[in-house]
Amino acid sequence: MIYHFNVMEIGTQVDFVLFNVRGKGVILEYDKKTKMAMVEYNGSRYPNTQTFKTLPKKKKDIPFWYIKK
C-alpha cells in the first residue's frame with residue numbers, strides 16, 4: 001500500500017476505518033481550513049471525517065469513522 005498522505009486531493013484512496021473495520025475509501029471533498037474530508041466507502045458517503053496519525057487515548061474521543069495515516 002502506497003498512499004501519499006501529505007496531499008489530500010479528491011479521488012485519493014485512503015485507509016478508512018468504520019466502526020473498527022478497515023477498508024479503502026475515496027476522498028470526495030476536502031476542506032483545508034477544518035482539515036476534514038468527505039469519504040465514500042462501499043457506496044456510502046461519510047462527512048466530517050477526521051485524520052489521525054495516532055488515536056486519542058480516551059475511547060470516547062475516537063469518532064465512529066476516521067482516516068488512519
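The predicted model contains a closed barrel of 5 strands, which runs 1-2-3-4-5 with mixed pairing. From one strand to the next the twist averages 50°, where axes are lines fitted to C-alpha atoms and angles run from 0 to 180 degrees between N-to-C directions. Strands are DSSP runs of E with at least two residues, numbered from the N terminus, and two strands count as paired if DSSP finds at least two bridges between them. Residues are numbered from 1 along each chain as its sequence is written. Local features need pLDDT of at least 70, side-chain atom pairs count only at pLDDT 80 or more, totals for chains, interfaces and linings use all residues, and side-chain values use heavy atoms, with hydrogens and water left out.

Strand 1 (residues 13-18) pairs in the antiparallel sense with strand 2 (residues 21-31) over 6 bridges, and V17 stands opposite R22 in strand 2. The hairpin of these strands has 2 residues between them, and F19 takes a positive phi near 50° there. Strand 1 also pairs with strand 5 (residues 65-68), in the antiparallel sense over 3 bridges; F16 stands opposite I67 in strand 5.

Contacts of I67 (heavy atoms within 4.5 Å), not counting residues up to four places away in sequence, include M8, V14, F16, A37 and V39.

Conventions:
Helix = DSSP H or I, 4+ residues; strand = E, 2+ residues; numbered from the N terminus.
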